Amino acid sequence: MASTETLTLNMGPQHPSTHGVLRLVLELDGETVIKCVPHIGYLHTGMEKSMENEPYQQAITITDRMDYLSAMNNNLAYCLAVEKLLGLKLPPRANTIRILMSEIQRIASHLLWLGTHAMDIGAMSVFFYCFREREMILNFFEEIAGARLTPSYIRIGGVALDLPDTAEEKIAKFLGILPDRLDEYWALLDENPIWRERTVGIGVISAADCLRYGVTGPRLRATGVPMDLRKDHPYCGYENYTFDVQVGENSDVFDSYRVRMGEMRESLRLIEQCLETMPEGDFNADDPKIVLPPKERVFTDMEALIHHFILVTRGFPVPPGEAYASIESPKGELGFYVVSDGSEKPYRVRVRPPSFYNLQALPYIVQGEMVADTVAVIGSLDIVLGEIDR
Amino acid sequence: MSETEATTPAVEAPAPKVNPVLGDIDRIRKAIPDAILRVEEDAVREQYWLYLKPKALVPVLKLLRDDRNSDYPYLADLTCVDRPYEERRFTMIYNLYSLSRKQRLFLKVQLAENETVATASDVFVSADWAEREVYDLFGVRFDGHPDLRRIELPDDWDGHPLRKDYPIVGKRPVILLNDVRDAL
């Protein structure tokens, strides 16, 4: 006898395929999702509030912990917003290093996404391969910034340290390895019938709906909308580099996978160009009231010591005003709205977290899909709960 | 005019930037007179803010979304700033973006302590969670919101942490509003 009763299933917050601590309450009819209600906030630590109580420069450490898979991009977006308020001009080397770092970070973020997304759908081996390459990137970050996941490397006024002499060689080595490895992943997944069965035609959302829900990043580009802030509103000099915006056609999980795979190759192109055109010179803006003086000068020069002391203990005041800066993070449009009241601490920092808005579309996308496909859709949205909850 | 003057080009003055949202302002003024209270412009950073009457917010959002010349299909973000020392302490900021024009426009609505504003989620679904977050962290209420619950904090949480009178240490607001006013 057929029963019309529905089943309410709790998924998460410790479920491995929910990428952190996302909790979904699903209402199921057999295996079909009738309703999906996400519950977030398990990682809420009041980062926006904390940032209001830190000097501008020190608040960067908090941005690291938002989207902990692409910390460099978070640093960058926040610094751009504050620099907009300060009206600071950066030397070309700082800009090139910033682009270099944010593209390397994009690859790291996409690699982790690919590994976990494939594992969610049942392809275990890709996960190990992806982590192998990501490890190279994290080791590189450790070498240049001292930390793997929370580098705080990009600072207001430039970057924390100049690139070490070995950096170019390391990146070149990485550039030599990764294209072949990407081909390998491509071979593992692209024509794989199980992979295609699980992704093609799953989780379709139209371009108009994406915009209604505020979905940006690769998931929006998979619908064919070529919105990429690196092209539309170039920051750090992206207009001087050649790269293509990857777009999909069918707006499904498979296309968002293809878009991200393509983006990794475009990032490699960008990194190559960065290495070729890396300018010599300062890596920090010439403004002693904002940028810390070099360590040697602190030990030998009275004025530098005073600047160092003031900057570390008190920070620098930022002219009153409001500024919004957004960048194309691996997840989508990452924006910082910074309000200054003229003091050394931001009056208000609002993060426009891409994952927050991307996740919001989840109930709409999975309605009428299978439970197992919910996992595939979550993977295709590429959410990070640290950023959603903040 | 001598010949030298004619041939040497004058020191190139930066072309006066035409405010790219003038058209939007005109359209709003035409359709909904007295909706805009004030226009704030930061031409250097290319940022434009329109201060709106709270009542006019939803019609203006609808107009900006539907008008083909305005074409703002995407509400990127919605947030709030608390200034407890001002009469209208909450400033709601709506961050609109037009993909076709590559133009960003900020709308602002200022609200007093217990004032409410109509929900934007009927016009842009993306406002749904964002408004829940503002309700959760600031305590601003949105009329007609389909599901106005706390989103980040537990349902039984006391207070709204992003308000300026909420302390950074401790659980509940212990600082009186007057203290904050004096301190600022």
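Biologist: Which residues in α3(A) meet A:Arg98, A:Met101, A:Ser102 and A:Gln105 in α4(A)?

Modeller: Contact requires C-beta atoms, placed from the backbone, within 7 Å. By that criterion A:Met72, A:Asn73 and A:Leu76 of α3(A) meet these residues. The model is predicted: local features need pLDDT of at least 70 and side-chain atom pairs 80 or more, whereas totals for chains, interfaces and linings use all residues. Residues are numbered from 1 along each chain as its sequence is written, with chains lettered from A and ligands numbered from 1 in written order.

Biologist: How do the residues of the contact of α3(A) with α4(A) divide?

Modeller: They divide into 3 nonpolar, 3 polar and 1 charged.

Biologist: At what angle do α3 and α4 of chain A pack?

Modeller: Angles run from 0 to 180 degrees between N-to-C directions. Helix α3 (residues 71-86) and helix α4 (residues 92-121) of chain A pack at about 140°, their axes 8 Å apart.

Biologist: In what order do the 5 strands of the open sheet in chain B lie?

Modeller: Strands pair through at least two DSSP bridges. Here the order is β1-β2-β5-β4-β3, with mixed pairing. The edge strands, β1 (36-42) and β3 (74-82) of chain B, each pair on one side only. Neighbouring strands are turned by 20° against each other on average, direction ignored.

Biologist: How many bridges join β1(B) to β2 of chain B?

Modeller: The antiparallel strands β1(B) and β2 (residues 47-52) of chain B are joined by 6 bridges. Opposite B:Val39 stands B:Leu50 in β2(B).

Conventions:
Helix = DSSP H or I, 4+ residues; strand = E, 2+ residues; numbered from the N terminus. Contact = placed C-beta atoms within 7 Å. Nonpolar A, V, L, I, M, F, W, Y, C, P; charged D, E, K, R; others polar.
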